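This briefing is for a reader new to the structure. Please look over the sequence and the model shown here before reading the points that follow.

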Amino acid sequence: MLRACEPTVPTDYNSSQDGGPTEETLQESVQETLDVLHEVVYRYLIPTLVSVNLFTNLLNVVILGSLGRRQQRPQQQGQATTFRYLLWLAVTDVLVSLFLVPALIHLRRDDLPFGWAFYYAHLETPILNALTSTSAYIMVGLSVDRFVAVCYPRRYCAISAPRLANIRIGLSLLVPVLLYVPHGFFQQVTCNANGTGWNYQGAEMASRTAWFVWQVVVELFHRLAPASLLLFLNIRIIYAFRKLMARRKNITSGKEEGSGKAQQEQHLVYTLVAIVTTFLLSNLPAAVLALIDTAGSDYGPLAVEIFRAVANSLEVLGSSLNLVLYFCFVPDVRQEMLRCLRRVRGGARGMLDHAKTSHCSSYSTTDDKPSKATECVEI
């Protein structure tokens with residue numbers, strides 16, 4: 001998921017007699033560039049994106065949870081099911097943001113306490129990758145739900161969509177865990193040579209070829225297969241939805257009720273397409289990185305590290321854009337967000353008025369004659 005380059009101490013060098021750059025000079029220049037890349041991306045950019053991601057998805061959880069409780073009528077079943085998928089997608093993104101914080105705490109992982117070394121060796125990769133894979137599977141489940149609703153509406157009404165949504169979301173949580181359990185054992189905790197702390201390194205595998213094949217299979221199920229399914233399903237959804245809209249336009253002849261329902265479904269489809277497009281653009285670079293990055297705990301050349309920084313930044317940025325997409329394409333989300341803001345503003349105003357009243361009351365006297373402050377309170 002997230003792994004920063006670890007700068008090493010530059011090698012001492014002596015200038016060549018002809019004044020040209022030596023190999024040591026070039027190595028030091030590359031190391032300086034890596035240091036700058038490390039500092040900008042992993043000290044400033046990604047922590048900022050993680051903070052934005054956490055805030056926006058917590059807001060998504062509040063808004064979508066409130067919308068899910070409101071959409072309980074049978075005629076709103078499809079919309080309520082969609083909001084359920086989006087809610088669990090936001091919950092998963094919140095968990096990703098929370099578990100990214102330990103990844104950013106120790107970027108230089110030398111001389112670690114044993115607890116941190118154990119976490120980074122056995123838990124960090126399975127947890128983060130399982131959560132990001134869960135997000136991908138939830139979007140696949142949402143796309144399948146919308147595909148059936150648009151392409152086979154009669155079958156969608158006949159089955160229990162909320163029950164199937166719960167099953168798909170449960171499988172989205174279970175399958176990635178099973179995929180990444182073996183990754184908790186491919187590194188081992190080791191004591192530093194000077195005995196000042198702990199580190200971790202790749203464990204010896206029975207067959208490196210078999211382990212590489214397993215990594216490719218896991219990446220296939222993590223990103224490549226979901227991305228292919230998302231692309232296929234959404235192309236079908238757009239094609240079927242256009243045919244459905246043309247058919248409804250001929251049948252309803254522009255009636256208000258049919259037009260309102262069509263607009264509602266159109267907003268949901270546009271939201272889904274925008275989310276899937278964002279997912280593809282932000283996750284495919286990470287998938288390419290996972291397939292070409294076979295160095296383990298050793299880091300690659302400058303070009304690979306630049307690509308790693310871009311892929312990590314895009315992956316964190318992608319999940320933080322969901323709130324913007326919901327706000328742009330879903331009127332219900334906009335209305336609920338404005339409703340929440342009014343509640344917050346009303347609550348803040350009430351607390352401020354209460355504080356002023358308490359402050360004013362504190363100046364009242366115990367005499368029979370009320371003070372000016374007491375008269376103010378009575379009014």
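Along the sequence, the protein chain runs in the order α-α-α-α-α-α-β-β-α-α-α-α-α-α. That comes to 12 helices and 2 strands, where helices (H or I, at least four residues) and strands (E, at least two) are DSSP runs numbered from the N terminus. The model is predicted: local features need pLDDT of at least 70, side-chain atom pairs count only at pLDDT 80 or more, and totals for chains, interfaces and linings use all residues. Residues are numbered from 1 along each chain as its sequence is written, and side-chain values use heavy atoms, with hydrogens and water left out.

**The chain as a whole**

- Of the 379 residues of the protein chain, 40% are buried; buried means under 20% relative accessible area, exposed over 50%, and partly exposed in between (1.4 Å probe, protein chains only).
- The protein chain exposes about 21400 Å², and 63% of this is supplied by carbon and sulfur atoms; accessible areas come from the Shrake-Rupley method with a 1.4 Å probe, and for residues only the protein chains shown count as cover.
- Among contacts with a separation of 6 or more, 75% are between residues 24 or more positions apart; contact means heavy atoms within 4.5 Å.

- Leucine 123 sits in the loop between helix H3 (114–122) and helix H4 (124–151).
- Leucine 123 is partly exposed because its relative accessible area is 36%.
- The 28 residues of H4 should span 40 Å at 1.5 Å a residue, and the end C-alpha atoms are 40 Å apart, which agrees; the expected span is 1.5 Å times one less than the number of residues.
- H4 is largely enclosed by the rest of the structure, because 25 of its 28 residues are buried.

**Two threonines of H4**

- Threonine 132 belongs to helix H4 and is buried, with a relative accessible area of 8%.
- The side chain of threonine 132 makes a polar contact of 3.1 Å with the side chain of histidine 222; a polar contact is a pair of N or O atoms within 3.5 Å, where within protein one must be able to donate a hydrogen and the other to accept it, and residues adjacent in sequence count only if both atoms are side-chain atoms.
- Threonine 134 is also placed in helix H4, and its relative accessible area of 3% makes it buried.
- A polar atom of the threonine 134 side chain lies 2.8 Å from the backbone oxygen of alanine 130.
- Apart from neighbours within four places in sequence, threonine 134 is in contact with Thr92, Ser172, Leu173 and Pro176.

**Proline 226 in H7**

- Proline 226 is part of helix H7 and is buried, with a relative accessible area of 1%.
- Proline 226 and isoleucine 138 are 88 residues apart in sequence, and their C-alpha atoms are 9.7 Å apart.
- Not counting residues up to four places away in sequence, proline 226 touches Ala136, Tyr137, Val140, Leu220 and Phe221.

**A nonpolar surface patch**

- Phe212, Val213, Val216, Val217, Leu220, Phe221, Val288, Leu291 and Ile292 make a nonpolar surface patch of about 700 Å².
- Helix H7 (208–252) and helix H8 (256–292) are the elements that give two or more residues to the nonpolar patch.
- H7 provides the largest share of the nonpolar patch, 6 residues.
- Isoleucine 292 lies in helix H8.
- Patches are made of residues with over 30% relative accessible area and no salt bridge, with like charges joined within 9 Å and nonpolar side chains (Val, Leu, Ile, Met, Phe, Trp, Tyr) within 5 Å; a salt bridge is a side-chain nitrogen of Lys or Arg within 4 Å of a carboxyl oxygen of Asp or Glu.
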